[in-house]
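Subject: Two-chain model for your files

Hello,

Here is the structure I said I would pass on. My notes on it follow below.

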Amino acid sequence: MAVNAKAVKQRIKSAKNTKKITKAMELVSAAKMRKAVEAAENTRLYATLARELLHRLAFLDEPNYPLLELRPVKKVLVVVMSSNRGLCGGFNANVFKHTKAVLENTKRLGEHRVAENRDVPEFTTDIEIDILGVGKKSAWFAKKHGYNLPAVFDDLHEKPQIEDILSVSDMAIRGYIDKTYDKVLVSYTHYISGLSQEVKVRQVLPVSPHDLEKMGNELPSGKGESLTADTAEIERYLFEPDLETIIETILPKLVEVQLYQAILESTASEHSSRMVAMKNASDNAGDLIEDLTREYNKARQAAITQEIAEIAGGAAALS
Amino acid sequence: MITFTIVTPQGVLYKDSIDKVTIPTQAGAITVYPEHIPVVSALRAGELNIHKGNDVVNLAISTGVVEIRPNSIVYVLADTAERSNEIDVDRAELAKKRAEELFAKEEKMLDIDFARLQAKIEKEIVRSSVGRKYRNV
């Protein structure tokens with residue numbers, strides 16, 4: 001019995017240590033999550049303004065910009081936002097599951113989601129897929145399912161800056177302009193609240209007002225101002241130096257900001273699912289400690305009882 | 001008064017009602033007074049001066065777009081913007097030097113990298129010059 005008590009004590013100690021670690025990770029994730037959510041909210045106004053401006057430029061009338069060009073979809077680039085580190089519950093698994101489902105639905109993948117009144121090129125179902133990974137885990141996903149993996153960005157900051165995303169957006173834009181890719185998608189985890197996140201797949205290129213809008217509306221909390229109030233007729237506007245320059249400046253920015261938003265949301269979701277996972281782990285460790293303590297006390301009590309019985313027995317034998 | 005807002009992807013950097021503002025655009029610097037006609041213009045890296053009463057706020061901004069709306073509402077959408085007193089001149093200088101080195105080294109560069117690097121050098125030059133100009137004020 002005494003040996004057992006010692007073993008139990010050891011286990012309690014190790015469970016306590018684990019609990020300390022998971023508790024610390026939980027708190028750290030909570031703090032990081034708050035920051036990430038704040039950053040995601042901060043980009044909101046920029047994204048809204050850029051989108052509105054583009055809307056009002058009514059660019060759909062003359063879609064002669066390389067970033068708006070529609071082509072039959074033969075090759076797709078998917079930017080998959082995953083985490084660098086594990087221990088975050090089902091975060092990565094969910095992203096991969098959803099992405100896989102979308103990628104297998106070749107019929108929808110081949111379609112173009114655009115406003116009416118534009119000629120949609122015929123769609124193909126024979127589509128090649130490239131994965132552009134963000135986060136180490138995405139490389140594993142591409143390898144497992146046999147997708148091409150032209151690049152992985154796994155050195156992103158804890159707190160992503162807009163500069164960090166430039167290499168990703170550059171690659172997407174360049175690939176689209178030189179016609180390597182006919183469509184660029186981003187797959188990320190949308191942060192709804194601390195407890196619920198949802199994986200979304202959005203079209204980045206060709207720039208689609210529909211997808212931009214959806215992404216804008218999804219941002220956490222309606223803190224951003226509504227700016228659509230005064231939509232003055234665009235004819236009254238002057239363009240300096242000219243309309244083309246403006247559109248060419250703003251289109252890549254929209255791509256950047258869309259990807260930036262996605263990565264911020266992804267970061268927020270990663271931290272929050274890690275927080276939840278760690279909270280569960282801490283709770284479990286707490287339960288385990290409780291059980292083990294009870295067992296230890298029982299063993300200890302049994303040892304004492306036995307000792308007393310032995311002493312009593314010895315005394316009885318002497319008298 | 002102009003309702004003036006500078007927005008970067010990092011958030012709203014400046015928001016106030018002001019008297020006038022000088023904005024560097026690709027077609028040259030423009031100064032906006034209240035009741036300006038609506039204009040959309042592409043920015044270039046440069047110095048932006050906000051005048052409010054007797055106060056002047058100087059910022060270094062990089063590329064982006066400015067939108068002047070009717071009713072004296074002005075939005076500046078910039079990649080980055082920094083107040084002159086927040087600029088670390090030495091760091092800006094270093095960053096510029098680094099960018100220039102990279103520029104000299106990579107000869108067979110893709111056009112897009114070339115443009116980006118050039119924009120970066122321009123931005124850092126502006127940062128350090130704006131930072132230095134108002135350092136002792």
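Domain bounds, as used here, come from an automatic or database domain assignment. The model is predicted, so local features need pLDDT of at least 70 and side-chain atom pairs count only at pLDDT 80 or more, while totals for chains, interfaces and linings use all residues. Residues are numbered from 1 along each chain as its sequence is written, and chains are lettered from A and ligands numbered from 1 in the order in which they are written.

Domains of chain B

Chain B is split into domain 1 (2–84) and domain 2 (87–133). Their C-alpha centres are 23 Å apart. Across the boundary, nine residues of domain 1 of chain B are in contact with eight residues of domain 2 of chain B (contact: C-beta atoms, placed from the backbone, within 7 Å). On the domain 1 side, strand E6 (46–52) and strand E7 (55–61) of chain B supply at least two residues each. Helices (H or I, at least four residues) and strands (E, at least two) are DSSP runs, numbered from the N terminus. That side of domain 1 of chain B consists of two nonpolar, five polar and two charged residues. For these classes, Ala, Val, Leu, Ile, Met, Phe, Trp, Tyr, Cys and Pro count as nonpolar, Asp, Glu, Lys and Arg as charged, and the others, Gly among them, as polar.

Interface between the chains

Between the chains, 24 residues of chain A are in contact with 24 residues of chain B. On the chain A side, helix H1 (2–56), helix H5 (162–177), strand E6 (238–240) and helix H7 (243–318) each give at least two residues. The largest share, seven residues, comes from H1(A). By class, the chain A side has 15 nonpolar, four polar and five charged residues.

Strand pairing also crosses between the chains: E6(A) runs parallel to strand E5 (residues 39–43) of chain B, joined by three bridges. Two strands pair if DSSP finds at least two bridges between them. Here A:Phe239 has B:Val40 as its bridge partner.

Strand E4 of chain A

In strand E4 (residues 183–191) of chain A, nine of nine residues are buried (20 or more other C-beta atoms within 10 Å of the residue's own; exposed is 12 or fewer, partly exposed in between; C-beta atoms placed from the backbone). Strand E1 (residues 75–81) of chain A is parallel to E4(A), with five bridges, and A:Val79 is partnered by A:Val186. Strand E5 (residues 197–205) of chain A is antiparallel to E4(A), with eight bridges; the partner of A:Leu185 is A:Gln203. E4(A) and E5(A) form a hairpin with five residues between them.

Regards

Note on methods. Contact = placed C-beta atoms within 7 Å.
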